[in-house]
Amino acid sequence: MLSSSSASTPLKPTSAMVDPGPSAPDFRRVAIFMAIAIFLSSALSLPLALGLLPEVFLALLVPLAQLAPLIAALFVRRSGTHLRTELALAVPSWSQLLLAVAVAVGLFSLVPTVRFLLGIAIGVPSMLEALPPVLVAVPIVLVMQSVFAIGEEVGWRGWLHGQLRSLGFWPMALLIGAMWAVWHLPVLITLGLDGRSMITYLGTILAAAPLLSALRDYSGTVWAAVLGHGLLNSLRVALEQNTLGVPTQMQAWVLDIGTWVLWILAAWLLLRLRGLARVDHPGSGGDSDLTGG
């Protein structure tokens, strides 16, 4: 059971941490944010897509593209507002953040593990012998991927989350997930992914988005989502790509759909475990109904 200290004994608000609470979304500002983020991502991808740059530049392209949501958020943020508050960079409760970190590690380990067991159950060959050396590298990759994820999460689960939170948790989280998935398209097209692989990739983004939003809400800061994003791109990838062999097309669909359901259930579980419907964090938008549907 996670601590409810932030709900029962909230920190005393300071001028640097308080905002007026959730208000109706400014969809014009949200649309401008999305247009800037997609434009920057597309502009970075275009030279590679046209063959003007060799594929080796992809390793530089992706981290740069991940800064696009941050740049877009800085461009559209309201003047006169506190930067740390609007972008959810402040940490209202370190104990709550540490609990969110523990939950993130647990859930981002659990979902791929259950996926592995599902694969074994439906007859996909296992390849656990390749896992130990891969897991040794995970901590290094996790740090790197978490640093890269800051630019994305400050935009998606930082600024955009604050703009859309009055919609209620599930509409907000799924809308952010859909926008996050669309934003990936220029890079995915540049990578030359086939239709089946693109569905897997985009479906995972949409399904995992609510869990990242739940981590952000539970901790009251974007940093929990940053870690979750880093885990998604490191630990999750390591487990999913190195525990099972190549599935048949039918097995692949079962694994994809089953894993998407698991991500959604993980977000629902986090919401239920701590009753996030009424958890307040100074600077995270006040009292909001996070169970809205």
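1. Contact here means heavy atoms within 4.5 Å. On that basis, and leaving aside residues up to four places away in sequence, Ala 207 touches Trp 260, Trp 263 and Ile 264. The model is a predicted one.

2. Ala 207 is part of helix α9. Its relative accessibility is 6%; buried means under 20%, so Ala 207 counts as buried. Ile 257 is 50 residues from Ala 207 along the chain, and the C-alpha atoms of the two are 9.7 Å apart.

3. Helix α8 is made up of 23 residues. From its first C-alpha to its last it reaches 32 Å, close to the 33 Å expected at 1.5 Å a residue. After α8 comes Gly 192, which has a positive phi, near 75°.

4. The largest pocket has a volume of about 1200 Å³. Several helices contribute two or more residues to its lining: α3 (58-65), α7 (131-164), α8 (169-191), α9 (195-219), α10 (223-233), α11 (235-242) and α12 (249-274).

5. Which residues lie nearest the centre of the largest pocket? They are Leu 193, Tyr 201, Arg 236, Val 237 and Gln 241, out of 39 lining residues. By type, the lining divides into 22 nonpolar, 11 polar and six charged residues.

Note on methods: Residues numbered from 1 in each chain as written. Predicted model: local features only at pLDDT ≥ 70, side-chain atom pairs only at ≥ 80, totals over all residues. Heavy atoms only, no water. 1 Å grid on protein atoms, 1.4 Å probe; cavity = no way out; pocket = protein on both sides within 12 Å on 5 of 7 lines; lining within 4 Å. Points joined across faces, edges and corners; volume = space filled by probe spheres on them. Helix = DSSP H or I, 4+ residues; strand = E, 2+ residues; numbered from the N terminus. Nonpolar A, V, L, I, M, F, W, Y, C, P; charged D, E, K, R; others polar. Expected span 1.5 Å × (residues − 1). Buried < 20%, exposed > 50% of the residue type's maximum accessible area, 1.4 Å probe, protein only.
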